[in-house]
Amino acid sequence: MKRPLFLFAALLSLAACNNTSDKNIADIPGIDSSVKPGDNFFMYVNRKWYDTVQIPPSQTGVGAYMFMNYPQRLRLQGILDSVAKAGNTTGSIEQKLGDFYASGMDTNTINKRGYDPIKPILTRIDSISNVASLMKFVADEASVYNTSVVAFYVGPDNKNSNLNIAHIHQSGIGLPERDYYFKTDPSSMAIQQAYKIYLAALFKLTGSDTATAAKNADIVYNIDKQLAASHKTNIELRDINANYNKMAVATLAKRQPNIGWPDVLNELGAKTDSIDVSQPAYYDKLNAVLKSIPLSDWKVYLKAHSVNTYTDVLSKPFVDAAFEFNKVLSGQAVQKSRGEIMAGAVDQSLGEALGQLYVKKYFTEDAKKRALELVNNLQQALSARIDKLDWMSDSTKQKAKEKLFAITKKIGYPDKWRDYSNVTIIKDKYFENVVSAASSNYQYQLAKLNKPVDRSEWFTTPSTVTAYYNPSANEIVFPAAILQPPYFDNNADDALNYGGIGMVIGHEMTHAFDDQGAQFDKNGNVENWWTKDDYEKFKAKTQQVVNLYNSFTVLDTVHVKGAMTLGENTADIGGVAIAYDAFKMTKEGRDTTKAGGFTPDQRFFISVAHIWQVKMKDEFLRLWINNNPHSPPIWRVNGPLMNSTHFYEAFNVQPGDKMYLAEKDRIHIW
C-alpha cells in the first residue's frame, strides 16, 4: 500500500518548518581548486589537509571516523586524571574508575611484578595431563576472556530474536584472519615472520632459552596454521544462513567427542541443550587435532596464547614485544602514551561507568533532540524513496516500510546504565582489576542465556566515535561521541549536518536493507519478506555494487574487496541518497543562495567528503583492506557520489571526468 500523497506532503511541510536562520553558516576551508571535483571529489575537498597533516607517531592514521577516538581518549584521560586524584566513596563508579586507571598508570608496580601475575596460569598449563584437562583449562580461562580454541558467547537466536542462546564461533589463531597464514606476497610474509619473532619473544620473557623459544614459536605457528585452514574467509563469514547452525548438545557431543562438549559447557557455566555452531568445520578440525597433535605441543600453544592475552597488562618487556609485532602489522611508529592506553583500557573494561561521566561533561539534551529530528526526517525520506522504487513490487514495498518504521532509535547513551557492583578494583593490582572486570563481563553475558533479549542494551560505549545497525534488534545506535564535528554541530547549517551525521544516519538505516540486513524481518528474525522476483532483482543490483567496488584500487595494485565490503558500500550509496532527499525537505535545502561561494547542494556534498577526511599509514591501509568491511575513506566519498545524479548536477560532472558514470550505470537500490 502506498503512503497517501497528502500525508507525505504534510510531513514535507512539517520538516520544512525547521528554520535554519539561527544556524551558523560555517566557512568551508581547504578546497583545492586545482583538482576537478568530477575527477576526485575526496581530494578536491581534502587534499590541502591531506598533503600537510602529519600522522602522530603513536597513531596509524589521523582525521575523522575511527581516528577521532584519539582525541576522544585524551578527553577521557582528562576525566580519569581528575577522578583518580579525588577522594571517592568506596564502591562508587568514581572510585572504581579512578582506582582502575591509577593501577594501570602505576607502571613501577607493574614492572616490578614482571610476569608473576600469570605464573599460576602457566603452572596450570604444565599440570594438564590429557585432552579432557586441556579442555577444562580452555573453558575455565574463557570465563575471563582468555580465549584460545573455543570462542563462546550469548546472543539472540537468528530465528527467534526475542531469546538469547549460546553461540560458538571459529577461533584459535593469532594473526588477524586465516589468509595471513597462506599468502606468499612480501608484506604477508613479513607479518608471518614478525609473528614468529613475537611468539619466540614471549617464550624468552617467560624463561625459555633462545633455541627453545624459537622451537616453541614454530610449534605454535604450525598449530595456528592447521586451525586457520578450517576457518571461513571474511567474505564467507558474511553469509547469514551458512553461519547459523543450531545443534543439540547431544548431537554435537557425538560428532566431536574429543572436545567433550557437555563438560566444556558445564565449565563455562552454560546450562543449555542446544548451541549455535557458527562455523562447524572449525570445531570438526579442532576435534581432530586435539588427538593428532601431541599434548606437549598443545601446552606450548596454550602458554603462548595465554601470555599473548595479557601482554598489555604485564611489565614493559611484554608490552614492548607486543608493540614490535603490531608495528609491522599496522605501521604504528611509536607506542601510545600510557595515559591514552589506560583511557582505552578503562573504556573497554568499565565503559558504561566512564560513559556516565563523559555524557555529563560533553553531551547535551539539545544535541540529542536535534539528532532525533534528523533521524526522523531521514526515516520519512527513505519511506518516500521506497514508494518510488521502480524495481520492487507494492507488496514488498509495504513490508520494507513496515520494517523501516519499526526501527528502534538510540541516541547518545543508554536509558539504563550497567551495574558494575560485582567488579572489585584495588588501586595497586592492575592485573587483578582487569581480570575482575573481564569475569564480571562474562557473568553479565552468561546471565542472559535462555532469557528474553533486553532490547534496551547497547553494544558500544557513549564515548566511542561510531554508529551501528543491529539486525537482530532492528535498531540504529548513535553514541554521544559521534554527535560532534565534523559529523554534527547543533549550531551549524543544515547542509553540513545532513551531509555529515545525516549521511551516517542514512547509512545505518540502509543497513536494514543491505545484503545481510534484508534477510531479517522487522522483528529481527531471519525470515524472508520478499517476493522471489523482487529478491532476485535486489541481488542483481547488489552484484553491481560488488563489481564497481572491485574496480577501485588502493596502494597501486591492491583492490577494494567488493564482496567483503558489499554491505557497507550499499549503505554508503543509500546513506548519501537518503540524506540528500531529507536535506531537500528543509528550508535551506530548497534554497539556492550561495554561502562561502557554494550552493546549499554543494555544501551538502562537501560535508560528505569532510566526514571521511582520513589519512592512514600504508601498512594500516593494507590491514584495513584485508579485514575491514568498510571501503577506505576515499572510496566512501567517491564511490557513493559516482552514483549520485544530484552530485553530478551540483558540480557539473561531465563525460570524461574520472568519476563519471553513464546514467544507466549508476547504481540506485534504495
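Reader: Leaving aside its neighbours within four places in sequence, which residues is Asn245 in contact with?

Author: One thing before we start: this is a predicted model. Now, to your residue. Skipping the neighbours within four places in sequence, Asn245 is in contact with Ile275, Asp276, Val277, Ser278 and Pro280. Take Pro280: Asn245 and Pro280 are 35 residues apart in sequence, yet 7.6 Å apart in space, C-alpha to C-alpha. As for where to look, Asn245 sits in the loop between α9 (210–228) and β4 (246–248).

Reader: What does the side chain of Asn245 reach?

Author: The backbone oxygen of Ser278, at 3.3 Å.

Reader: And why does Asn245 count as partly exposed?

Author: Buried means under 20% relative accessible area and exposed means over 50%, with partly exposed in between. Asn245 has 22% relative accessibility, so it counts as partly exposed.

Reader: Where is His559 found, and which residues is it in contact with beyond four places in sequence?

Author: His559 is in strand β10 (residues 558–559). Leaving out neighbours within four places, its contacts are Asn550, Ser551, Phe552, Thr553 and Ile625.

Reader: Is α16 mostly covered or mostly open?

Author: Mostly covered: nine of its 12 residues are buried. Among them are Leu354, Leu357 and Tyr358. The buried residues of α16 pack against α3 (69–85), α4 (93–105) and α15 (338–349).

Reader: How many cavities of 30 Å³ or more does a search of the whole structure find?

Author: A cavity is a space where a probe fits but cannot get out. The search finds one of 30 Å³ or more. About 50 Å³ of space lies in the largest cavity. Its lining includes Thr109, Ile110, Arg113, Val313 and Tyr430. The elements giving two or more residues to that lining are α5 (107–113) and α19 (430–446), and α5 gives the most, with three.

Reader: Which classes of residue are in the lining of the largest cavity?

Author: Six are nonpolar, two polar and two charged.

Key:
Residues are numbered from 1 along each chain as its sequence is written. This is a predicted model: local features need pLDDT of at least 70, side-chain atom pairs count only at pLDDT 80 or more; totals for chains, interfaces and linings use all residues. Side-chain values use heavy atoms; hydrogens and water are left out. Buried means under 20% relative accessible area, exposed over 50%, partly exposed in between (1.4 Å probe, protein chains only). Contact means heavy atoms within 4.5 Å. A polar contact is a pair of N or O atoms within 3.5 Å; within protein, one must be able to donate a hydrogen and the other to accept it, and residues adjacent in sequence count only if both atoms are side-chain atoms. On a 1 Å grid over the protein atoms alone, a cavity is a set of points where a 1.4 Å probe fits but cannot get out, and a pocket is an open set with protein on both sides within 12 Å along at least five of seven lines; lining residues have an atom within 4 Å of a point. Grid points are joined across faces, edges and corners, and a volume is the space filled by probe spheres set on the points. Ala, Val, Leu, Ile, Met, Phe, Trp, Tyr, Cys and Pro count as nonpolar, Asp, Glu, Lys and Arg as charged, and the others, Gly among them, as polar.
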